[in-house]
Amino acid sequence: MSGLRYVYAVCRPFGTPLPAQLTGVAGVPPKQLVHGDLVAVVGQVPAEDFAEGPLRAHLEDLDWLGATARAHQNVIDALTVVTSPLPLRLATVFRDDSGVRSMLEEREETFLRTLDRLDGRVEWGVKVYSEPTEDAGKAEAAEGSGARPASPPGRAAGSGRDYLRQRRNQRKESEEKWERAEEFSRRLHESLSGYAEDTRIHAPQNSALSRAPGRNILNAAYLVPRTESEAFVELVDRTKDDAPGLRVELTGPWAAYSFSGEDA
Amino acid sequence: MTTAQRLPDPYGNGGGANLADILERVLDKGIVIAGDIRINLLDIELLTIKLRLIVASVDKAKEMGIDWWETDPQLSSRAGRDELARENAELRAHVAELEGARGEVTAGDRQPAEKPQKTEKEAQG
């Protein structure tokens, strides 16, 4: 058979057909491959794009990568509506169905254990940003331009003392601002953790790619039972207003990406 | 599908979670299984560079004094201290440079003033 097998996720059998119009990677509708107590959700993908050579080349292309990531996430999203899938990392590809089956068999025990742990849970993402202020903009611009280590030596006001005083004031202002942001994030994380069975703190996102204004301070993931999700979302909503100069962003519900590892 | 009603509607930018959110999860989280097509995503050089783009450097956050996730072993604090030490060294170098420049300028001011004096003295003497 031509074509390779792209595996999106492993689930418990969920007894619902996937939406007919759902398409995944390479524009192909995913199908369920049942094996024992497990289901792999797979799509047939063309070898000319997903064999090792072409895949490696494609992954270097941010447009291709972005489209493929969205298609992957599209399928995972649809699965999250009907079950609690164990999402696989992008571009997990097998030669044929039997390769997928033996993988399911080999890892059956681990999969079942993890699926039990994730059953009935979803992941919510919460990010806190500091809203860009004029001052912060200026300070960042100054740092970005590399003015810090090498301002022109002969500048009129440039006594070492003035320079240091200026730096100290700048630093103090931003320290106070970050202290407030840090304190807010800490409290938010604490109260959200009360609704979560597990949490992960991820490194902050770079605004160059996210295009989100402001600086990302907190980037956290929470594993929340579906039954608690409404309360969780309401809590995030309530805190949105008591943080002047900060912005709280909620994403989800996601499949439990951040909690899929064995160590989780 | 009616089952969708079981969950609150996606919030924030909803389905439009930004690309960084999606890449962060799809590339960096999720379970890793070696398929038949073996590509370690971290071997893809450009991809790795882009991943670094997605996830802002921890150093930068440290520089801003944000380190309360210190308890997360994945995000060690060493990088931040190094950064601070480097900045200190840079500042010291800068101060030395500025003071050096001042010294030269004053010395430079004095010398031309002294020389004519000397020559005057010499002329007088």
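Leaving aside neighbours within four places in sequence, which residues is A:Ala51 in contact with? They are A:Leu4 and B:Ile37, where contact means that the C-beta atoms of two residues, placed from the backbone, lie within 7 Å. The model is predicted, so that local features need pLDDT of at least 70 and side-chain atom pairs count only at pLDDT 80 or more, whereas totals for chains, interfaces and linings use all residues. Residues are numbered from 1 along each chain as its sequence is written, while chains are lettered from A and ligands numbered from 1 in the order in which they are written.

- A:Ala51 sits in the loop between α1 (47–50) and α2 (52–59) of chain A; helices (H or I, at least four residues) and strands (E, at least two) are DSSP runs numbered from the N terminus.
- A:Ala51 counts as partly exposed because 16 other C-beta atoms lie within 10 Å, the classes being buried at 20 or more such atoms, exposed at 12 or fewer, and partly exposed in between, with C-beta atoms placed from the backbone.
- From C-alpha to C-alpha, A:Ala51 and A:Arg95 are 9.0 Å apart in space, although 44 residues separate them in sequence.

**The four-stranded sheet of chain A**

- An open, antiparallel sheet is formed by four strands of chain A in the order β7-β8-β6-β9, two strands being paired if DSSP finds at least two bridges between them.
- Because β7 (198–201) and β9 (246–254) of chain A stand at the edges with a single partner strand each, one side of each is left without a neighbour in the sheet.
- From one strand to the next the twist averages 20 degrees, with axes fitted as lines to C-alpha atoms (for helices, over the stretch in contact) and angles running from 0 to 180 degrees between N-to-C directions.
- Four bridges pair β7(A) with β8 (residues 215–225) of chain A in the antiparallel sense, and A:Arg200 has A:Ala221 in β8(A) as its bridge partner.
- Helix α7 (residues 160–193) of chain A lies across β6 (121–130), β7, β8 and β9 of chain A, at about 5 degrees to β8(A).
- Helix α9 (residues 226–239) of chain A also packs on the sheet, touching β6, β8 and β9 of chain A, and its direction makes about 155 degrees with that of β8(A).

**A hairpin in chain A**

- Strands β2 (residues 31–35) and β3 (residues 38–45) of chain A run antiparallel and are joined by five bridges, with A:Val34 opposite A:Val39 in β3(A).
- Two residues lie between the strands of this hairpin, in which A:Gly36 takes a positive phi near 60 degrees.

**Chain B**

- Chain B has four helices and zero strands, and 22% of its 125 residues count as buried.
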